Amino acid sequence: MKKIENYIAKNINEYNDLYSKSINHPENFWSEIASTFSWRNKWTKTLEYDFNKPEFKWFLNGKLNITENCLDRHLEENPNKTAILFEPNDPNKETQKISYKDLHQRVCVFANVLKSKNVEKGDRVCIYMPMVPELTIAVLACARIGAVHSVVFAGFSSTALAARIKDSECKILLTADGSFRGSKVIDLKSIVDEALLECDSIESTIVFKRTGSNVKMNNNETWWHNEIEDVSDYCEAEEMDSEDMLFILYTSGSTGKPKGMVHSCGGYMVYSTYTFLNVFQYQSNDIYWCTADIGWITGHSYIVYGPLLAGATSVMFEGVPSYPDYSRFWNIVEKHKITHFYTAPTAIRALAKHSVSLVESNDLSSLKVLGTVGEPINEEAWNWYDKNIGKSKCPIVDTWWQTETGGIMLTSLAGVTKDKPTFATKPMIGIQPVLLDKDGKEILGYDKEGILAIKYPWPSIARTIYGNHQRYKNVYFTAYPGYYFPGDGALTDSEGNFRITGRVDDVVIVSGHNLGTAPIEDAINLHENVVESAVVGYPHEIKGNALRAFVILLDEAVIVDMEKEIKEQISKTIGPIAKPDIIQIVPGLPKIRSGKIMRRILRKIASGEKENFGDISTLLNPEIVKQILIKA
Ligand code: WTA
């Protein structure tokens, strides 16, 4: 049987060849790739799909367990290879190297712990933990027994955590006493305590001791270290259907509640591995580091699953780029001889603000490949990254994709296809992107601009929004029937390279985090002295975008610091990442007759525009624009 290495493009001709095969005969192509994995039973049909229902099924009736592919499969050849290389927040504390054999054992032990808590196949498990190896162990232990993990980023507030637990009715919560973030210690357990007041579905909570903070343990709450004592390290993997749910991961929508995107076992396994190996061109002795948090999709696909499925060494970093100082990333690159470094443009821009001497005092010669993800990268940041970190010799892969897509969709392949500053460049093998005009017609040819859409399914497309298939259909498949609509605009250059121009909906990407403006407005409106609010994004030098809130108060004479109270309200409801940079109290908001706020104008004001607002004749209250500007 062929190995997956036979399907990794090593030069441009191979990319072209594989790409053609993947487009002309997608089912054959993906069936061959899938055959390189270990399955209990082979699938009977490769693909069944319908964009209108919408429904996507890959490798139908195939049986597998993804952890057998992440762990067991590597034990024969490479049991002692480091799977997880853990770098703690405190640079003076010891690095941990966890081999594939150790990881396998620890996952099996914890899988047995979950079983002892009556967690069964299909049950949802919420994981709210810092970036420690036990987080990866928790994720894989769920997958081992067929439980569905729902990881919630540990920077979210208690209200946001509770909403996510309730939405997917999680049975168990895995958490920690606290987390270290730079010089701060964050008291996770008390956030959990508050969230749990509202969550009836949670039967038990297991707490990993990280900070040693003094925490109160309630009924049905136990310590991780006690639970794993004397537990067998043998745990037979649960047999899963290819289309069984693997995980839920929440992402912000432009309206209302967060969307619990559902990913399934077979397709996600195949696509995360295949993209990892092609995009990063990982070789067996490389040390790969993705700086994301496992609370986001980038961490799921490119810290945990993709690298472990490929048998790679994946670095997990607990801390932040600024602690103890802004040279921390580069210290780590030197210390562990990192070969692959994958981060967000916002981090690059923040680091580029500091003296290059912080970079130059480190030996970065181990680096071979750089990557970026999460938002468009501006040319200045790209050039800084290329010159100072890559020393003009490392390809930079600018990878465009989403929580919904499960894996990288547009990208260059490191050293194989050409990179180009600010362009995500070409489709990944198997991906068919198009540009659409406003009427949903495909724009043919190159050097065009339009709405990005994908016209053929790929294995790791999200299967639904948990508990709300209608919303899944409405958001992604209704505006442009017959396509997947990601919500981004794009343009092409004369060679067909894609550049993402930004969101075309009310989602704003702040420091690489997807934030819906509607939920932030909802949070602001919860304040008793707020009548109405509108939140928009505007360009920001480091964060990419920042938020500005326009708020109408019930009583402007109320003597409290409204700005502070609004920010607190947002931190409490969503989390500190959603706090606007600017909060402006306004007498009114520009509205059209239907009552809809004309956000276009607010976006212009937020971007510093003073005069050119285009046609404002349809406004009910055109005078308001001037009034807002006076105080802006
Ligand atoms: C944006 C993150 C430009 C985009 C993996 C997308 C990007 C949203 C890029 C998804 C990129 C992600 N260039 N924009 N390389 N990567 N985006 O779900 O707007 O957190 O729709 O997934 O981030 O964010 P999410």
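This is a predicted model: local features need pLDDT of at least 70, side-chain atom pairs count only at pLDDT 80 or more; totals for chains, interfaces and linings use all residues.
We can start with the ligand. Its shell is made up of 17 residues, and the closest of these are Asp-398, Thr-399, Thr-403, Asp-488 and Arg-503. Sorted by class, the shell holds seven nonpolar, six polar and four charged residues.

On the nitrogen side, a ligand nitrogen atom sits 2.7 Å from an N or O atom in the side chain of Asp-398, and a backbone N or O atom of Gly-374 lies 3.0 Å from a nitrogen atom of the ligand. An oxygen atom of the ligand, in turn, is 2.6 Å from a polar side-chain atom of Thr-403. The protein buries 96% of the 530 Å² that the ligand exposes when taken alone. Two or more shell residues come from each of helix 10 (297-309), strand 20 (396-399) and strand 27 (498-503).

Attention now turns to helix 18, which spans residues 599-606. Within helix 18, the buried residues are Arg-599, Ile-601, Leu-602, Ile-605 and Ala-606. These residues lie on the same side of helix 18 because they cover an arc of only 155 degrees around the axis.

Methods
Residues are numbered from 1 along each chain as its sequence is written. Side-chain values use heavy atoms; hydrogens and water are left out. A residue is near a molecule or strand if one of its heavy atoms lies within 4 Å of it. A polar contact is a pair of N or O atoms within 3.5 Å; within protein, one must be able to donate a hydrogen and the other to accept it, and residues adjacent in sequence count only if both atoms are side-chain atoms. Accessible areas come from the Shrake-Rupley method with a 1.4 Å probe; for residues, only the protein chains shown count as cover. Helices (H or I, at least four residues) and strands (E, at least two) are DSSP runs, numbered from the N terminus. Ala, Val, Leu, Ile, Met, Phe, Trp, Tyr, Cys and Pro count as nonpolar, Asp, Glu, Lys and Arg as charged, and the others, Gly among them, as polar. Buried means under 20% relative accessible area, exposed over 50%, partly exposed in between (1.4 Å probe, protein chains only). The arc is that of the directions from the helix axis to the C-beta atoms.
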